[in-house]
Amino acid sequence: MGKRPLIGLTGSRHVRQSQLPGLPLMSVTVSDDYVQGVEAAGGVPVVIPYVSDAAVLGALAERLDGLLLTGGDDVDPNLYGEEPQIGLGALEPARDRIELALIHMMRAQRKPILGICRGMQVLNVALGGTLYQDLPRQWKGKLQHSQKAARGEATHSVRLQAGSRVSACYHGETVVRVNSFHHQAVKNVAPVLQAVGWDADGLVEAIEGVDTEPLLVAVQWHPENMWRADSGALGLFQALVEAAT
């Protein structure tokens with residue numbers, strides 16, 4: 001086996017009180033399902049810390065072979081020219097800054113990117129797109145997007161564009177079943193991206209780069225919870241690792 005590519009995973013920062021007054025403990029967390037999905041696909045996963053120095057982040061981006069943008073809190077609407085509206089959830093400005101910077105750094109170096117849930121949303125925003133801040137208030141559709149079933153269960157269908165990179169990950173299938181845990185979604189697709197997946201109401205569920213290389217793919221569902229039983233979900237991780245090799 002050749003050298004395994006190094007895949008950076010973004011995560012959320014959590015703060016908890018330490019035993020010493022005034023010294024909170026901060027940690028970056030990523031679900032094991034993402035980490036193990038990258039590992040199963042043949043990559044070496046590494047969790048990206050919340051560094052404050054742009055030069056340090058740039059040095060990290062130079063060493064990474066690929067980037068996985070994971071799920072998490074809402075994206076700051078100011079980043080796409082909107083004021084916060086009723087229904088907007090918790091924000092992580094520091095995470096927004098790190099992910100936007102990494103997206104541009106990785107693209108400048110022509111390295112592959114995979115976005116999942118929030119990762120799809122922040123990728124779209126970074127490249128000039130917009131979001132629905134709160135689907136229940138702003139979207140006409142009727143499908144449930146915060147499912148009550150277990151995370152690994154598929155609950156609704158997605159139509160995929162034939163010949164797309166996402167469809168190829170699912171063995172050429174054009175209708176797939178996915179899970180769903182989100183209240184934000186892509187509204188206007190960024191100019192360098194194209195929609196390649198939609199739910200039954202027409203909501204965008206998958207996007208990818210207009211140019212075929214490097215890999216630039218994102219999905220609204222959570223394949224990290226499904227890859228053990230769904231070869232198409234695993235195919236998304238494999239596509240990232242193969243493109244990074």
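The side chains of Arg-118 and Asp-96 form a salt bridge, with 2.7 Å from N to O. This pair joins distant parts of the chain, since Arg-118 sits in helix α4 (residues 118-126) and Asp-96 in helix α3, 22 residues apart. The model described here is a predicted one.

Buried means under 20% relative accessible area. Arg-118 has a relative accessible area of 1%, so this residue is buried. Asp-96 has 3% relative accessibility and therefore also counts as buried.

Another salt bridge pairs Glu-99 with Arg-95, and their closest N and O atoms are 2.8 Å apart. The two residues are four residues apart in helix α3 (residues 93-108), which means that about one helical turn separates them. Glu-99 and Arg-95 are both buried.

## The network and the other bridges

The two pairs above belong together: Arg-95, Asp-96, Glu-99 and Arg-118 are linked in a network of salt bridges. The model has six salt bridges by the rule applied here.

One of the six is formed by Asp-134 and Arg-137, whose closest N and O atoms lie 3.5 Å apart.

## The largest cavity

The count of cavities of 30 Å³ or more is two. The largest cavity has a volume of about 40 Å³. Which residues line the largest cavity? The lining is made up of Thr-10, Gly-11, Ile-48, Tyr-50, Arg-95, Ile-98 and Glu-99.

By residue type, this lining has three nonpolar, two polar and two charged residues. Arg-95 and Glu-99 are in the lining, and these residues also form a salt bridge with each other. Both of them are members of the salt-bridge network as well.

## The second largest cavity

The second largest cavity holds about 30 Å³ of space. Its lining consists of Arg-165, Glu-208, Gly-209, Asp-211, Thr-212, Pro-214, Leu-216 and Val-217. Two strands, β12 (204-209) and β13 (216-219), are the elements that give two or more residues to this lining.

The lining of the second largest cavity divides into three nonpolar, two polar and three charged residues. Among the residues named for this lining are Arg-165, Glu-208 and Asp-211, and Arg, Glu and Asp count as charged.

Conventions:
Residues are numbered from 1 along each chain as its sequence is written. This is a predicted model: local features need pLDDT of at least 70, side-chain atom pairs count only at pLDDT 80 or more; totals for chains, interfaces and linings use all residues. Side-chain values use heavy atoms; hydrogens and water are left out. On a 1 Å grid over the protein atoms alone, a cavity is a set of points where a 1.4 Å probe fits but cannot get out, and a pocket is an open set with protein on both sides within 12 Å along at least five of seven lines; lining residues have an atom within 4 Å of a point. Grid points are joined across faces, edges and corners, and a volume is the space filled by probe spheres set on the points. A salt bridge is a side-chain nitrogen of Lys or Arg within 4 Å of a carboxyl oxygen of Asp or Glu. Buried means under 20% relative accessible area, exposed over 50%, partly exposed in between (1.4 Å probe, protein chains only).
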